Amino acid sequence: MDYQIPLFNLNFDEKEANAATETIKSGWISTGPKCAELEQMFVDMFHVEYAVSMSNCTDALHLACLVCGIGAGDEVLCPSLTFAASANCIRYVGATPVFCDIVGSNHINIDPADIERKITAKTKGIVVVHMGGFPARMDEIMAIARKHNLKVIEDACHGPLSEYKGKKLGTIGDCAAFSFFSNKNISTGEGGMFISNNKEMAEKARLLRSHGMTTMSYQRAAGHATAYDIVELGYNFRLDDIRASIAIEQLKKLPADLEKRIEVRKCYVDGLSKIKGIVVPFADNTEFTSNYIMPVVLLDSTKEKRDHIRDCMHAAGIQTSVHYPAIHLFSIYKDGSWHLPQTEYVTDNEITLPMYAALTKDQVDFIVVTLKQALDE
Ligand SMILES: *Cc1c(COP(=O)(O)O)cnc(C)c1O
């Protein structure tokens, strides 16, 4: 079924198509000058020292774990209320994810108090997710990390250009990962970025991204190198120049796109504040944020009630989603004896409403009215 109002809408026009065409016509389509240009844009726009383009965010998170020195026998703390990749990356390197609860329905990011409770002698790091682009409690998290000598990896997929106390998300921990998957703020189909202020980590990520090879095809084609050595067991996690040229156009549009999303969220919050029985997470946020998604949490509700409300909204032509099905309840993670009451409540009672720059006030009003009717039924 085609929804009248989809969850997300690509902010594409002829600019992306032209950029891709130009790159195709240039004769160089794999990792090369467009990836380099995109990486420089990230360095400039995110106020970070190093950026390494990646095939997707999952691979960037995998390399983040590796460059943080995480490996077999280590434990890494992470939320369960996130996309599976935030925890899977920990397992790729042989370590064990230890799930922490979220603060609550008002703040659906990892709870620093639960981080502190779950630290053991084996704990090596923390994967922090900034849900919807709203910052996790980084001051507390970084203080805990310093005290226990833990690495902090920011899964900043939802938060390009979002800020925490004047710093861009992704520049606070040791390193961070962004995604350019189709429905993210920056869309290229597939793609991602690793960023860090740590030179060693960035250099290692760059090396591992391409088979641990000391020179790249582009450097050899350009006559800058004639041979290579393999010095690490690396991967092929490269982005190609076609996608990088699309990402460049998306990044140029991002600041204006985010300004519009702020207006959309304002319309939502105005309307939703008049409805009893729901909480808008991060309602007290005053920082600049990407508004990747528009989550609401039902109060005193159940999964059945939430699913019924979603059905009503779908019948009205409004697509909704759930962020997220909790990871610790998936088959491959179920065996842990996790006790995450806040996460379990939110995973059953959250609804993600449509969010994109082109949403009109009338559409937002229609969504809010439809939600209210469904709640009153
Ligand atoms: C989308 C997403 C990912 C995975 O990104 P890919 O680029 O698809 O690999 C990881 N973590 C979070 C929080 C995400 O939203």
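Is Cys 157 buried or exposed? I looked this up first: Cys 157 has a relative accessibility of 7% and counts as buried. The cut-offs I use are under 20% relative accessible area for buried, over 50% for exposed, and partly exposed in between, with a 1.4 Å probe and protein chains only.

**Ground rules**

I note that this is a predicted model, where local features need pLDDT of at least 70 and side-chain atom pairs count only at pLDDT 80 or more, while totals for chains, interfaces and linings use all residues. I number residues from 1 along each chain as its sequence is written, and side-chain values use heavy atoms, with hydrogens and water left out.

**Whole chain**

I listed the secondary structure of the protein chain and found 12 helices and 12 strands. These are DSSP runs numbered from the N terminus: helices are H or I with at least four residues, strands are E with at least two.

I then checked the radius of gyration, which is 21 Å and close to the 21 Å that the globule rule gives for 377 residues, so the chain is as compact as a globular protein of that length. The radius is taken over C-alpha atoms, and the rule is 2.2 Å times the number of residues to the power 0.38. Along the principal axes, the C-alpha atoms fill a box of roughly 70 × 55 × 40 Å.

I looked up burial for the chain: 57% of the 377 residues count as buried. The accessible surface comes to about 16,100 Å², and carbon and sulfur atoms hold 51% of it. These areas come from the Shrake-Rupley method with a 1.4 Å probe; for residues, only the protein chains shown count as cover.

For contacts (heavy atoms within 4.5 Å) I used the following reading. Among contacts with a separation of 6 or more, 72% join residues 24 or more positions apart.

I counted charges next: 38 side chains are positive and 48 are negative, and the centres of the two sets lie 1 Å apart. Lys and Arg count as positive, Asp and Glu as negative, and His and the chain ends are not counted. Each charge is placed at NZ of Lys, CZ of Arg, CG of Asp or CD of Glu.

**Cysteines**

I searched for disulfides and found zero. A disulfide is a covalent bond between the sulfur atoms of two cysteines. The cut-off is a pair of cysteine sulfur atoms within 2.5 Å. For Cys 175 the closest cysteine sulfur is in Cys 68, at 3.8 Å, which is too far for a bond. Cys 175 is buried, at 0% relative accessibility.

I went to helix 4, residues 85-92, and found it mostly covered, with six of its eight residues buried. Those residues are Ala 85, Ser 86, Ala 87, Asn 88, Cys 89 and Ile 90. They pack against helix 3 (57-67) and against strands 2 (75-79), 3 (96-100), 4 (123-129) and 5 (151-155). Just after helix 4, Gly 94 has a positive phi of about 90 degrees.

In helix 11 (residues 341-349), the buried residues are Thr 343, Val 346, Thr 347 and Asn 349. Their cover includes strand 3, strand 11 (294-298), helix 10 (303-315) and strand 12 (350-353).

**Loops**

Where does Gly 133 lie? I found Gly 133 in the loop between strand 4 and helix 6 (138-148). Its relative accessibility is 0%, and Gly 133 counts as buried. Leaving out residues up to four places away in sequence, Gly 133 touches His 158, Gly 159, Ser 162, Leu 169, Thr 289 and Ser 290.

I looked at two residues in the loop between strand 10 (278-279) and strand 11: Phe 282 and Asn 291. Phe 282 is not a glycine, yet its phi is positive, about 65 degrees; Phe 282 is buried, at 3% relative accessible area. Asn 291 also has a positive phi, near 45 degrees, and is buried at 1% relative accessibility.

I noted a cis peptide bond between His 323 and Tyr 324, with omega about 5 degrees. Tyr 324 is in the loop between helix 10 and helix 11.

Last, I checked Asn 183, in the loop between strand 8 (175-179) and strand 9 (192-196). Asn 183 is partly exposed, at 29% relative accessibility. Not counting residues up to four places away in sequence, Asn 183 touches Phe 8 and Tyr 292.
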